[in-house]
Amino acid sequence: MTKPLELSYYLEERKDELNPLLILTHDYPDPDALASAFALQYLAYHVGIRSKIVYGGHIGRSENREMVRLLKIPAKKLRTSDFRHYPHIALVDTQPGFENNSFPPKRKASIVIDQHSTAHEVVADFILIDTEAGSTSALLGRELLAKGFEVPVKLATALVYGILSDTLEFSRTTKRETIDTYFELLPLADMRLLARIQNPSRPRRFFGEMVRGIQNALVRQRLIVSHLGVVENPDLVAQMADFLLTCEGIQWAFCTGRYGDTLHFSLRTHLTDVDAATILRSIVDNPRAAGGYGQVAGGKVRVRENKDPNAWEREEQTLVERLAKRLKLKHNSKFQPLVRSQYEIVERSENNG
Ligand SMILES: [Mn+2]
């Protein structure tokens, strides 16, 4: 276990060497990744290290776009030249070797700060991994507070959001330090700004995609599945899984989406005594293609013959078949549409009236 303050000491000690620093989040960064990068940049700045925050993929979810805009988080889309220009790289909310980031496999990371567990040995000059923390934001928030830094309103708001969203409103961590960090940051944050971030306006396109996700949804016992087909942004896959999990009687939600030559997928569960990532890893050919934390997991596989629609369907079906088996669904049970037709809701309410 790394003691608090060690990160600040490390930055202070190596400030000449680490300048400039590239801060890399996972692809399609979520609030925890963005807040963590923002906080590390602030810590680094205080000891005189210039840094650039970058991410692979893009920021799709409206909440996350609003977070970046309103909190003025200077996160930039990764360019391949960044790896040439920056000799030192810090990974936040992810680790070298994870499939969810764009870190070059041959490079050695300078810093890794994360809350995810891994079966592999982590190689970096400085490592702060706490799998109990519930969020990476909590680790960086703790450093800032312990160091006695003044935490700007926008940064405090980002960290509060990062902690809340990654711990699912504290339902998946009981760690005292995370709770204490949260309550220390709360009075420094702008909760009205946070409310705006959590209730963003959404592009029209989003509603069409939601309709498609609901129409394609199939239910078998306690599992709900939806293949979204081609998506304009892979974040939608996770968002749809979150949404479908709210369906009555459902314990598991699994969604896929085709993006470029890659099939993205997300798994969600209500169950607290299982690890969604372990289940997801067991249904993909390469266990590194999936990861997650507690009740939330995701991954992606490249579809080689992606010109052929059947190749995509085969991949989608294989994953669902393996998942149904892994969840020990009854052999004689079948997938049924969630809604039989797009008019069903209307028909029902008319019959009832
Ligand atoms: Mn996280």
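This is a predicted model: local features need pLDDT of at least 70, side-chain atom pairs count only at pLDDT 80 or more; totals for chains, interfaces and linings use all residues.
Residues are numbered from 1 along each chain as its sequence is written, and side-chain values use heavy atoms, with hydrogens and water left out.

Let's begin with the overall layout. The chain is split into domain 1 (6-198) and domain 2 (210-337), with bounds that come from an automatic or database domain assignment. If you take the C-alpha centres of domain 1 and domain 2, you'll find them 28 Å apart. The two domains do touch: 19 residues of domain 1 are in contact with 17 residues of domain 2, where contact means heavy atoms within 4.5 Å. Together, domain 1 and domain 2 bury about 1500 Å² between them, and carbon and sulfur atoms give 44% of that. Buried area here is the accessible area (1.4 Å probe) that two parts lose on being put together, summed over both. On the domain 1 side, Y28, R61 and E99 lose the most area to domain 2, and these three together make up 40% of what that side buries.

What sort of interactions cross this interface? Two salt bridges are counted between domain 1 and domain 2, a salt bridge being a side-chain nitrogen of Lys or Arg within 4 Å of a carboxyl oxygen of Asp or Glu. There are also nine residue pairs in polar contact across the interface, with both residues at pLDDT 80 or more. A polar contact is a pair of N or O atoms within 3.5 Å; within protein, one must be able to donate a hydrogen and the other to accept it, and residues adjacent in sequence count only if both atoms are side-chain atoms. On the side of domain 1 that touches domain 2, you'd find four nonpolar, nine polar and six charged residues. For that tally, Ala, Val, Leu, Ile, Met, Phe, Trp, Tyr, Cys and Pro count as nonpolar, Asp, Glu, Lys and Arg as charged, and the others, Gly among them, as polar.

Now zoom in on a histidine. H26 sits in the loop between β1 (21-24) and α3 (31-46). The helices (H or I, at least four residues) and strands (E, at least two) are DSSP runs, numbered from the N terminus. Is H26 buried or exposed? H26 counts as buried because its relative accessible area is 8%, and the cut-offs are under 20% for buried, over 50% for exposed, and partly exposed in between (1.4 Å probe, protein chains only). The side chain of H26 makes polar contacts with two aspartate side chains: D93 at 3.0 Å and D30 at 3.3 Å. Setting aside neighbours within four places in sequence, H26 also has contacts that include A33, Y55, V92 and N100.

Another loop residue worth a stop is D308, found between β12 (296-302) and α13 (309-326). With a relative accessible area of 27%, D308 is partly exposed. Its side chain reaches the backbone nitrogen of N310 at 3.0 Å.

Finally, the salt bridges: the structure holds 17 of them. One pairs D27 with K300 through their side chains, at 3.7 Å from N to O. Another joins R176 and D180, with the closest N and O atoms 3.1 Å apart. Both of these residues lie in helix α8 (residues 176-185), four residues apart, about one turn of the helix. R176 is exposed, at 54% relative accessibility, while D180 is partly exposed, at 35%.

Compare that with E316 and R258, whose closest N and O atoms are 2.8 Å apart in their salt bridge. This pair links distant parts of the chain, with E316 in helix α13 and R258 in strand β9 (residues 252-259), 58 residues apart. E316 is buried, at 5% relative accessible area, and R258 counts as buried too, at 15%.

D261 and R302 form a salt bridge as well, with 3.4 Å between the closest N and O atoms. D261 lies in the loop between β9 and β10 (262-269) and R302 in strand β12, 41 residues apart. Here D261 is partly exposed, at 28%, and R302 is exposed, at 61%.
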